[in-house]
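Hello,

Here is the structure I promised to pass on. Please have a look, then read my notes below.

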Amino acid sequence: MRNALSRSFVAGIAVAAAFAPSAASAHASFEDHAVTVQYGLDLGLGAGFQALQTFVVSVSDAVEIPKISLNSAGTSSWSVDIFDSGLAFTYTGSIDFMNFGSPEFIGFRVFDAANVLEPIESATISNTGYVSGQSGNLIEGFEPSLHFSHDENSLWLNLNGSMYHHVAMPGMGDPLRNQIRVAVAFEHEVSPPPVPEPQTWALLLGGLGLTAFAARRAARRS
(Lines give C-alpha, C1' and ligand atoms only; values in the text may rest on other atoms or scores of the structure.)
Protein backbone atom coordinates (compact mmCIF):
# COMPACT_ATOMS: atom_id res chain seq x y z
CA MET A 1 0.00 0.00 0.00
CA ARG A 2 2.86 2.37 0.79
CA ASN A 3 4.25 1.92 -2.74
CA ALA A 4 0.84 2.54 -4.26
CA LEU A 5 0.46 5.71 -2.20
CA SER A 6 3.90 6.96 -3.32
CA ARG A 7 3.08 6.33 -6.95
CA SER A 8 -0.25 8.10 -6.59
CA PHE A 9 1.40 11.10 -4.91
CA VAL A 10 3.93 11.46 -7.77
CA ALA A 11 1.15 11.18 -10.33
CA GLY A 12 -0.82 13.90 -8.57
CA ILE A 13 2.13 16.27 -8.51
CA ALA A 14 2.76 15.57 -12.21
CA VAL A 15 -0.84 16.40 -13.09
CA ALA A 16 -0.65 19.70 -11.21
CA ALA A 17 2.72 20.61 -12.70
CA ALA A 18 1.56 19.88 -16.23
CA PHE A 19 -1.09 22.56 -16.02
CA ALA A 20 0.83 25.14 -14.00
CA PRO A 21 2.22 28.13 -15.95
CA SER A 22 6.00 28.19 -16.42
CA ALA A 23 8.48 31.05 -16.48
CA ALA A 24 9.27 32.41 -19.96
CA SER A 25 12.30 34.23 -21.25
CA ALA A 26 11.94 37.75 -22.62
CA HIS A 27 11.75 37.99 -26.42
CA ALA A 28 14.51 40.41 -27.29
CA SER A 29 13.92 41.82 -30.78
CA PHE A 30 12.36 44.71 -32.68
CA GLU A 31 9.13 42.77 -33.08
CA ASP A 32 6.04 44.22 -31.35
CA HIS A 33 7.91 47.42 -30.43
CA ALA A 34 7.94 50.99 -31.70
CA VAL A 35 11.19 51.99 -33.39
CA THR A 36 12.22 55.54 -34.31
CA VAL A 37 14.16 56.14 -37.54
CA GLN A 38 15.66 59.56 -38.20
CA TYR A 39 17.55 61.02 -41.13
CA GLY A 40 19.68 64.03 -40.30
CA LEU A 41 23.11 65.56 -40.01
CA ASP A 42 25.78 66.87 -37.67
CA LEU A 43 27.69 69.85 -39.03
CA GLY A 44 30.43 69.38 -36.46
CA LEU A 45 29.82 72.81 -34.94
CA GLY A 46 28.82 71.60 -31.50
CA ALA A 47 25.07 71.44 -32.04
CA GLY A 48 25.08 67.66 -32.33
CA PHE A 49 22.79 65.55 -34.48
CA GLN A 50 19.91 67.46 -36.07
CA ALA A 51 17.01 65.33 -37.34
CA LEU A 52 15.60 66.41 -40.70
CA GLN A 53 13.01 63.63 -40.90
CA THR A 54 11.60 61.36 -38.22
CA PHE A 55 9.55 58.18 -38.61
CA VAL A 56 8.09 56.10 -35.78
CA VAL A 57 7.04 52.62 -36.81
CA SER A 58 5.57 49.66 -34.95
CA VAL A 59 7.34 46.47 -35.96
CA SER A 60 5.13 43.42 -36.46
CA ASP A 61 7.09 40.59 -38.14
CA ALA A 62 8.51 43.14 -40.61
CA VAL A 63 7.72 46.69 -41.58
CA GLU A 64 8.95 48.99 -44.33
CA ILE A 65 9.35 52.75 -44.54
CA PRO A 66 8.95 52.77 -48.32
CA LYS A 67 10.45 56.16 -49.10
CA ILE A 68 12.58 58.62 -47.18
CA SER A 69 13.12 61.49 -49.61
CA LEU A 70 16.36 63.40 -49.27
CA ASN A 71 15.39 66.22 -51.64
CA SER A 72 12.21 68.14 -52.43
CA ALA A 73 11.79 66.43 -55.80
CA GLY A 74 11.89 62.99 -54.22
CA THR A 75 14.48 61.80 -56.72
CA SER A 76 17.01 60.92 -54.00
CA SER A 77 15.47 58.49 -51.53
CA TRP A 78 15.95 55.43 -49.33
CA SER A 79 13.65 52.70 -48.07
CA VAL A 80 14.12 51.12 -44.65
CA ASP A 81 12.99 47.59 -43.80
CA ILE A 82 12.90 46.61 -40.12
CA PHE A 83 12.48 43.00 -39.14
CA ASP A 84 12.85 40.81 -36.06
CA SER A 85 16.58 41.27 -35.53
CA GLY A 86 17.87 43.60 -38.19
CA LEU A 87 17.38 46.38 -40.72
CA ALA A 88 17.99 46.95 -44.42
CA PHE A 89 18.60 50.43 -45.84
CA THR A 90 18.16 50.43 -49.63
CA TYR A 91 18.83 53.35 -51.96
CA THR A 92 15.75 53.79 -54.17
CA GLY A 93 16.38 57.19 -55.76
CA SER A 94 16.18 57.77 -59.49
CA ILE A 95 19.33 59.92 -59.51
CA ASP A 96 22.93 59.16 -58.52
CA PHE A 97 24.33 60.52 -55.29
CA MET A 98 27.78 61.23 -53.92
CA ASN A 99 28.26 62.45 -50.36
CA PHE A 100 31.91 63.44 -50.59
CA GLY A 101 32.46 66.80 -48.92
CA SER A 102 29.15 66.57 -47.08
CA PRO A 103 28.75 67.32 -43.34
CA GLU A 104 30.73 65.43 -40.71
CA PHE A 105 27.72 63.17 -40.22
CA ILE A 106 24.85 62.77 -42.65
CA GLY A 107 22.74 59.67 -42.40
CA PHE A 108 20.48 57.58 -40.21
CA ARG A 109 19.89 57.13 -36.54
CA VAL A 110 17.70 54.26 -35.34
CA PHE A 111 16.77 54.21 -31.68
CA ASP A 112 14.35 53.20 -28.97
CA ALA A 113 12.61 56.47 -28.09
CA ALA A 114 10.09 54.73 -25.83
CA ASN A 115 12.82 52.88 -23.90
CA VAL A 116 11.04 49.53 -24.17
CA LEU A 117 13.56 47.45 -26.11
CA GLU A 118 16.22 45.28 -24.54
CA PRO A 119 19.68 46.93 -24.67
CA ILE A 120 21.59 46.33 -27.91
CA GLU A 121 24.37 43.85 -27.18
CA SER A 122 26.00 43.88 -30.62
CA ALA A 123 25.35 45.12 -34.15
CA THR A 124 27.23 44.41 -37.36
CA ILE A 125 27.01 45.19 -41.06
CA SER A 126 25.96 41.86 -42.57
CA ASN A 127 26.33 42.42 -46.33
CA THR A 128 30.05 43.11 -46.58
CA GLY A 129 30.62 40.13 -48.90
CA TYR A 130 30.02 40.94 -52.56
CA VAL A 131 27.55 38.74 -54.49
CA SER A 132 28.07 39.04 -58.24
CA GLY A 133 25.02 39.65 -60.39
CA GLN A 134 22.74 40.39 -57.43
CA SER A 135 21.59 43.68 -55.95
CA GLY A 136 21.74 44.26 -52.21
CA ASN A 137 25.52 44.56 -51.98
CA LEU A 138 27.02 47.10 -49.59
CA ILE A 139 26.66 50.69 -50.79
CA GLU A 140 29.86 52.02 -52.34
CA GLY A 141 32.09 54.11 -50.09
CA PHE A 142 30.47 52.89 -46.86
CA GLU A 143 33.18 51.57 -44.53
CA PRO A 144 31.63 49.77 -41.52
CA SER A 145 34.59 50.48 -39.24
CA LEU A 146 34.37 54.21 -40.00
CA HIS A 147 30.72 54.86 -40.78
CA PHE A 148 28.78 52.54 -38.47
CA SER A 149 28.50 52.62 -34.69
CA HIS A 150 26.04 51.72 -31.95
CA ASP A 151 25.40 51.96 -28.25
CA GLU A 152 22.87 50.07 -26.14
CA ASN A 153 20.02 52.27 -27.38
CA SER A 154 20.94 53.54 -30.87
CA LEU A 155 22.36 52.62 -34.28
CA TRP A 156 24.23 55.24 -36.34
CA LEU A 157 24.87 54.99 -40.10
CA ASN A 158 26.98 57.79 -41.53
CA LEU A 159 26.64 58.18 -45.31
CA ASN A 160 29.49 60.68 -45.51
CA GLY A 161 31.66 59.22 -48.28
CA SER A 162 28.96 56.92 -49.65
CA MET A 163 27.74 57.02 -53.25
CA TYR A 164 25.50 55.25 -55.72
CA HIS A 165 25.52 55.19 -59.53
CA HIS A 166 22.82 53.74 -61.73
CA VAL A 167 25.39 53.11 -64.47
CA ALA A 168 28.83 51.70 -63.76
CA MET A 169 31.81 53.88 -64.59
CA PRO A 170 35.50 52.96 -64.88
CA GLY A 171 36.89 52.38 -61.39
CA MET A 172 33.69 53.38 -59.59
CA GLY A 173 29.93 53.09 -59.66
CA ASP A 174 28.21 49.74 -59.25
CA PRO A 175 24.40 49.64 -59.47
CA LEU A 176 24.40 46.36 -57.52
CA ARG A 177 25.83 48.13 -54.47
CA ASN A 178 22.64 49.73 -53.22
CA GLN A 179 22.08 48.57 -49.65
CA ILE A 180 23.29 48.54 -46.04
CA ARG A 181 22.12 45.60 -43.94
CA VAL A 182 22.47 45.58 -40.16
CA ALA A 183 22.20 42.51 -37.94
CA VAL A 184 21.29 43.33 -34.34
CA ALA A 185 21.58 41.17 -31.22
CA PHE A 186 19.85 42.24 -28.03
CA GLU A 187 20.65 41.31 -24.47
CA HIS A 188 18.45 38.46 -23.28
CA GLU A 189 16.94 38.63 -19.83
CA VAL A 190 15.15 35.68 -18.29
CA SER A 191 12.01 36.64 -16.41
CA PRO A 192 11.90 35.56 -12.74
CA PRO A 193 9.54 32.68 -11.89
CA PRO A 194 6.01 34.05 -11.52
CA VAL A 195 4.23 34.13 -8.18
CA PRO A 196 1.66 31.30 -8.27
CA GLU A 197 -1.83 32.65 -8.93
CA PRO A 198 -5.07 31.30 -7.42
CA GLN A 199 -5.79 29.06 -10.42
CA THR A 200 -2.36 27.47 -10.03
CA TRP A 201 -3.09 26.56 -6.41
CA ALA A 202 -6.46 25.19 -7.48
CA LEU A 203 -4.77 22.90 -10.01
CA LEU A 204 -2.28 21.74 -7.40
CA LEU A 205 -5.05 20.94 -4.90
CA GLY A 206 -6.93 19.12 -7.65
CA GLY A 207 -3.85 17.00 -8.31
CA LEU A 208 -3.53 16.18 -4.61
CA GLY A 209 -7.22 15.29 -4.55
CA LEU A 210 -6.62 12.77 -7.30
CA THR A 211 -3.76 11.41 -5.19
CA ALA A 212 -6.03 10.90 -2.20
CA PHE A 213 -8.70 9.22 -4.34
CA ALA A 214 -6.16 6.84 -5.89
CA ALA A 215 -4.73 6.05 -2.46
CA ARG A 216 -8.16 5.12 -1.07
CA ARG A 217 -8.83 2.82 -4.01
CA ALA A 218 -5.45 1.17 -3.53
CA ALA A 219 -6.23 0.69 0.19
CA ARG A 220 -9.58 -0.99 -0.53
CA ARG A 221 -7.99 -3.38 -3.04
CA SER A 222 -5.37 -4.41 -0.55
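Start with Phe-89. Setting aside residues up to four places away in sequence, Phe-89 touches Trp-78, Ser-79, Val-80, Phe-108, Val-110, Leu-157, Asn-178, Gln-179, Ile-180 and Val-182. Keep in mind that this is a predicted model.

Phe-89 also belongs to the largest nonpolar core, which has 36 residues. Leu-87, Phe-89, Phe-108, Ile-180 and Val-182 have the most contacts inside it. Several strands give two or more residues to this core, including S1 (34–42), S5 (86–91), S7 (105–111) and S13 (177–186).

Next, the aromatic rings. The structure holds eleven aromatic pairs. One of them is Phe-30 with Phe-186, edge-to-face, at 5.1 Å centre to centre and 90° between the planes. Phe-30 lies in the loop between helix H1 (2–19) and S1, and Phe-186 in strand S13, so the pair ties together parts that are 156 residues apart in sequence. Phe-30 is buried, at 3% relative accessible area. Phe-186 is buried too, at 3%.

Trp-78 and Tyr-91 pair as well: their ring centres are 5.6 Å apart and their planes at 75°, so this pair is edge-to-face. Trp-78 is in strand S4 and Tyr-91 in strand S5, 13 residues apart. Both are buried.

Phe-89 comes back here. One aromatic cluster is formed by Tyr-39, Trp-78, Phe-89, Tyr-91, Phe-97, Phe-108 and Tyr-164.

Two last items. The charged end of Arg-109 sits over the ring of Phe-111, 3.8 Å from its centre. His-147, in helix H2 (residues 144–147), is buried because its relative accessible area is 13%, and buried means under 20%.

Best wishes

Technical notes:
Residues are numbered from 1 along each chain as its sequence is written. This is a predicted model: local features need pLDDT of at least 70, side-chain atom pairs count only at pLDDT 80 or more; totals for chains, interfaces and linings use all residues. Side-chain values use heavy atoms; hydrogens and water are left out. A nonpolar core is a set of buried Ala, Val, Leu, Ile, Met, Phe, Trp, Tyr and Cys residues joined through side-chain atoms within 4.5 Å. Buried means under 20% relative accessible area, exposed over 50%, partly exposed in between (1.4 Å probe, protein chains only). Helices (H or I, at least four residues) and strands (E, at least two) are DSSP runs, numbered from the N terminus. Contact means heavy atoms within 4.5 Å. Rings of Phe, Tyr and Trp (its six-membered ring) pair if their centres lie within 6.5 Å; planes under 30 degrees apart count as stacked, over 60 as edge-to-face and the rest as tilted. A charge sits over a ring if NZ of Lys or CZ of Arg is within 6 Å of the ring centre and within 35 degrees of the ring normal.
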